[in-house]
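Here is a short briefing for a reader new to this structure. Take a look at the model, then read on.

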Amino acid sequence: MKITYLLGVLALVGATAACQSDRETTQTPAPVTSSVYKEGGVGETLGMTPDLSGARAAASTSTQQQEVLTYINQARSKPCQCGTTVYPAVPALALNSLLTSASDKHAVDMATNNYFSHTGKDGSQPWDRMTREGYKWRAAGENIAAGYSTTRAVVDGWLKSEGHCKNIMSANFKEVGVGYGYSASSTYKHYWVTDFGTKY
């Protein structure tokens, strides 16, 4: 009698655990970020043909893009400590449609193809993607992040990380593009890209 009761309880516990949906048990991993910076030629390429169609596609500014720009410029408007270095206030960045197109395409690509890297699925680096959109840069940088669900959270996350904070506070940059991609089936769901640049 005791053995039968014990088996019944174990079966009930197993049934309870099994009836949870995937949604209840699957959790998004902790957010991640990465940054890169480069100075160099007039927009070097890896044998890629510039695609200017993205400039028209990114001409309209979304609310998310405007919010990220606002939060970045709020940070730039006063001294900011990045790691152990305090950076002085610097001029506000302007939103650039070519950089936004490069940012947006990379964010959507990461979300769609479920990866997180500055290197695109086609082997491109941030400056390659900027050049592809027709942006002739002399300084270029990129911040990426995944897992943050709001514009405020992603900018705060970048400001708490030394490399990302340096890109945000760099006086070498005059313009920025903002991209966002979402896929419910991807690991991090939310993917963010800011491409920073200064033209020749």
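Two strands pair if DSSP finds at least two bridges between them. Helices (H or I, at least four residues) and strands (E, at least two) are DSSP runs, numbered from the N terminus. This is a predicted model, in which local features need pLDDT of at least 70 and side-chain atom pairs count only at pLDDT 80 or more, while totals for chains, interfaces and linings use all residues. Residues are numbered from 1 along each chain as its sequence is written, and side-chain values use heavy atoms, with hydrogens and water left out.

**Overview**

- The protein chain has 8 helices and 7 strands.
- Of its 200 residues, 42% are buried. Buried means under 20% relative accessible area, exposed over 50%, and partly exposed in between (1.4 Å probe, protein chains only).
- Contact means heavy atoms within 4.5 Å. Among contacts in the protein chain with a separation of 6 or more, 77% come from residues 24 or more positions apart.
- The accessible surface of the protein chain is about 10300 Å², and carbon and sulfur atoms hold 56% of that. Accessible areas come from the Shrake-Rupley method with a 1.4 Å probe; for residues, only the protein chains shown count as cover.

- An open sheet is formed by 5 strands in the order 1-5-7-6-4, with mixed pairing.
- Strand 1 and strand 4 are at the edges with a single partner strand each, so one side of each has no neighbour in the sheet.
- Strand 4 (residues 94-95) pairs with strand 6 in the parallel sense, over 2 bridges. There, A94 stands opposite E175 of strand 6.
- Strand 6 and strand 7 run antiparallel and are joined by 8 bridges. V178 has T194 in strand 7 as its bridge partner, and E175 stands opposite G197 in strand 7.
- In strand 6 (residues 175-182), 7 of the 8 residues are buried, so the strand is largely enclosed by the rest of the structure.

**Helices around the sheet**

- Axes are lines fitted to C-alpha atoms, for helices over the stretch in contact, and angles run from 0 to 180 degrees between N-to-C directions.
- Helix 4 lies across strand 4, strand 6 and strand 7, at about 60 degrees to strand 7.
- Helix 5 (residues 97-113) also packs on the sheet and touches strand 4, strand 5, strand 6 and strand 7. The direction of helix 5 makes about 25 degrees with that of strand 6.
- Helix 4 packs against helix 8 at an angle of about 85 degrees, with the axes 9 Å apart. That makes the two helices roughly perpendicular, a term for angles of 65 to 115 degrees; under 35 counts as roughly parallel, over 145 as roughly antiparallel and the rest as oblique.
- I72, A75 and R76 in helix 4 meet N167, I168 and M169 in helix 8.
- Helix 7 (residues 151-159) has buried residues, including V154, V155 and W158. Their cover includes helix 4 (63-76), helix 8, strand 1 (32-39) and strand 5 (137-146).

**Cysteines**

- A disulfide is a pair of cysteine sulfur atoms within 2.5 Å. The count is 1 disulfide.
- The disulfide joins C82 to C165, with S to S at 2.0 Å. The link is left-handed, with -60 degrees about the S-S bond.
- C82 lies in strand 2 (residues 80-82) and C165 in helix 8 (residues 162-169), so the pair ties together parts 83 residues apart in sequence.
- Both C82 and C165 are buried.
- C80 is in no disulfide; its nearest cysteine sulfur, that of C165, is 3.7 Å away. C80 is buried too, with a relative accessible area of 15%.
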